[in-house]
Amino acid sequence: MVPEESKFTKDHEWVFVEDEIATIGISDYATGELGDIVYVELPEVDTEVQQLDPIGTIEAVKTVAELFSPVSGTIVEINDAIMENPETVNSSPFGDGWFIKIKMDDPGELDALFSYSEYQEFLGEQTE
């Protein structure tokens, strides 16, 4: 995934879209804030989700966080590799550390998310 071509939520999930499929992960900022990720819980394939619904749990050394769906649709793929090796999320948040793929119901929902530059500005406001 290319961060500059992705959309972001204020909860630090990223979305990269190819055709109607949205690949979802968490940003490198989020992995830094969470610390070492030790467990990931994700829903089953074919689960229907709504935009901003909680869709999983991320357990880290520092805390436990929920994963929210940036878009509505049907889950078509789960990254089983991070279930077995959750540290992959820390080492490659925009690559092998993706979480799920969703077939989107409404691509127009992407308009409500941050662009890469807007997300960088948002992070700047968070750290001030």
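The largest pocket in this predicted model has a volume of about 150 Å³. Helix 1 (28-34) gives the most to its lining, with four residues.

**Largest pocket**

- The lining of the largest pocket consists of D11, H12, E13, I26, Y29, A30, E33, L34, I58, A65 and E66.
- By residue class, this lining divides into six nonpolar, four charged and one polar.
- Two elements, helix 1 (28-34) and strand 7 (64-68), each supply at least two residues of the lining.
- H12, one of the lining residues, also takes a positive phi near 80° in the hairpin of strand 1 and strand 2.
- Y29, another residue of the lining, is among the residues touched by Y119.

- Strands of a sheet pair through backbone hydrogen bonds, either parallel or antiparallel.
- Strand 1 (residues 7-8) runs antiparallel to strand 2 and is joined to it by two bridges; here K7 stands opposite V15.
- Strand 2 and strand 3 are also antiparallel, with six bridges between them.
- Along that pairing, V17 stands opposite A22, and F16 has T23 of strand 3 as its bridge partner.
- Strand 3 is joined to strand 9 by four bridges, again in antiparallel fashion.

**Hairpins and positive phi angles**

- The hairpin of strand 1 and strand 2 has four residues between the strands, and H12 has its positive phi there.
- The hairpin of strand 2 and strand 3 has two residues between the strands.
- D19 lies in the loop between strand 2 and strand 3 and has a positive phi of about 55° although it is not a glycine.
- With a relative accessible area of 78%, D19 counts as exposed because the cut-off for that class is over 50%.
- D46 is likewise not a glycine and has a positive phi of about 80°.
- The loop between strand 4 (37-41) and strand 5 holds D46.
- D46 is exposed, its relative accessible area being 61%.

**The salt bridge**

- E20 and K103 form a salt bridge, with their closest N and O atoms 3.9 Å apart.
- The pair links distant parts of the chain, 83 residues apart: E20 sits in the loop between strand 2 (13-18) and strand 3 (21-26), and K103 in strand 9 (residues 100-104).
- The pair counts as a salt bridge because the distance of 3.9 Å falls within the 4 Å cut-off.
- Side chains of opposite charge can pair when their charged atoms come close.
- E20 is partly exposed at 44% relative accessible area.
- K103 is also partly exposed, at 41% relative accessibility.

**Y119 in helix 4**

- Y119 belongs to helix 4 (residues 116-127).
- Is Y119 buried or exposed? Y119 is buried, with a relative accessible area of 1%.
- Leaving aside residues up to four places away in sequence, Y119 touches F8, T9, H12, S27, Y29 and F114.
- Two of these contacts, H12 and Y29, are also listed in the lining of the largest pocket.
- Y119 and W14 are 105 residues apart along the chain, and their C-alpha atoms are separated by 9.9 Å.

Technical notes. Residues numbered from 1 in each chain as written. Predicted model: local features only at pLDDT ≥ 70, side-chain atom pairs only at ≥ 80, totals over all residues. Heavy atoms only, no water. 1 Å grid on protein atoms, 1.4 Å probe; cavity = no way out; pocket = protein on both sides within 12 Å on 5 of 7 lines; lining within 4 Å. Points joined across faces, edges and corners; volume = space filled by probe spheres on them. Nonpolar A, V, L, I, M, F, W, Y, C, P; charged D, E, K, R; others polar. Salt bridge = Lys/Arg side-chain N within 4 Å of Asp/Glu carboxyl O. Buried < 20%, exposed > 50% of the residue type's maximum accessible area, 1.4 Å probe, protein only. Pairing = 2+ DSSP bridges. Contact = heavy atoms within 4.5 Å.
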